[in-house]
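Biologist: I'd like to learn how to read cross-links and charged pairs in a model. Could you walk me through it?

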Amino acid sequence: MADTFEAELQLQKEILMQIQSHQSLWEPSNKNKPKDVVPHDPVIPILVIACNRVTVRRCLDKLLQHRPSAELYPVIVSQDCGHAETAEVIRSYGNQVTHLKQPDLSDIPVRPEHKKFQGYYKISRHYRWALNQVFKTLSHSSVVIVEDDLEVAPDFFEYFRALLPLLKSDPSLWCVSAWNDNGRDGYVDPGKANLLYRTDFFPGLGWMLLREVWEELEPKWPASFWDDWMRQPEQRRNRACIRPEISRTLTFGRQGVSLGQFFDKYLRYIKLNTEFVPFTKLDLSYLKEETYREFFEKEVYSAPVVKYEDVKQGQLKGPGPFRLQYSSKDSFKILAKNLGVMDDLKSGVPRTGYRGVVSFISRGRRIFLAPPPGWTQYDPTWS
């Protein structure tokens, strides 16, 4: 009986040892487990679009500095242009990043009057190739796209992780952006780092895209000017993006194919968020379409209407918010320009606009630059 008991004990011991030896296959040991990683957390790759800027180092340093987990946020650098010095910088990061090289570096045949836009054609070709690598070759289900001249905020990764479930569940959304086009110092509320908006304008500059949306866009992807193409009604299809009050990216690339357009006047003054907001612990259900629209319209159209002169001279009484009304393309452009917010429109949509409303701070007061009540749709001729 003792022998039988001993044999049974030995058998149980061997089974336990087998279980322990196989355990690592389905359960990572705590030693290898990244901090704060819950099993089945979705992987969100960061795609860095690079070309010939050795300053990509500044972009990569910040991404790696703030990245909470290499497993959950693989950094993929896709390089166009074949620039050796930039390639060397990317290579110096070793296995901290994946370095892809766009194979087709040939010139693209363009109409003679588009010769000066060759760079925009190459960028569009590169985006298509790089996004196909992420979604088709590497089989990821989402991606955050960053260009090589962007610096990210400390809560950049937290922001996108928190908003991924909303992007997946709300068909009226098609992107999440880290950027506020009117996010210059003095035009945002420094005490509202946690404030997020819906916007009908595609902001870009650090943005998240789902594979399903890429599968819709890729077959008709344009030969050039891809970002303005994204802003056309045929692509946007009345969908919105999420954007922050205070930007989670900052651009430092004055030199590029756009030759510093907007940089000196606006972009260099964009305020980069410095405070870590625990977005994954916040209730973001207010951003769902019906809830948001009802609240936003009530807030805008119950705000008292004020005159431009009073806003400009800082003579508003009370804490705000206040509404400044425009009635035409020209009145919008004049008011926006004179108040220092971006006045350009793409397919009729103003930058940061939601249902025609642009929200910003002027002399410490919240201003809604808004169309008359009863707004129904954008006019694409306002461009």
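This is a predicted model: local features need pLDDT of at least 70, side-chain atom pairs count only at pLDDT 80 or more; totals for chains, interfaces and linings use all residues.

Biologist: How many disulfides does the structure hold?

Modeller: To spot one, look for two cysteine sulfur atoms within 2.5 Å. There are two disulfides here. Counting the bonded cysteines along the chain, the pattern is 1-2, 3-4.

Biologist: How far apart are the sulfur atoms of Cys51 and Cys81?

Modeller: They sit 1.7 Å apart in a disulfide. The torsion about the S-S bond of Cys51 and Cys81 is about -90°, and therefore this disulfide is left-handed. It links distant parts of the chain, 30 residues apart: Cys51 is in the loop between strand S1 and helix H2, while Cys81 is in the loop between strand S2 and helix H3. As for accessibility, Cys51 is partly exposed at 22%, and Cys81 is partly exposed at 36%.

Biologist: Now the charged pairs. How many salt bridges are there?

Modeller: Here's the general idea: side chains of opposite charge can pair when their charged atoms come close. A search of the whole structure finds 22 salt bridges.

Biologist: Which residue forms a salt bridge with Glu151?

Modeller: That's Arg58, with the closest N and O atoms 2.8 Å apart. Glu151 lies in strand S5 and Arg58 in helix H2, so the pair ties together parts 93 residues apart in sequence. Glu151 is buried, at 11% relative accessible area, whereas Arg58 is partly exposed at 37%.

Biologist: Where do Asp228 and Lys346 lie?

Modeller: Asp228 and Lys346 form a salt bridge, their closest N and O atoms being 3.4 Å apart. Asp228 is in helix H7 and Lys346 in strand S12, so this pair ties together parts 118 residues apart in sequence. Asp228 is partly exposed, at 29%, and Lys346 is partly exposed too, at 21%.

Key: Residues are numbered from 1 along each chain as its sequence is written. Side-chain values use heavy atoms; hydrogens and water are left out. Helices (H or I, at least four residues) and strands (E, at least two) are DSSP runs, numbered from the N terminus. Buried means under 20% relative accessible area, exposed over 50%, partly exposed in between (1.4 Å probe, protein chains only). A salt bridge is a side-chain nitrogen of Lys or Arg within 4 Å of a carboxyl oxygen of Asp or Glu.
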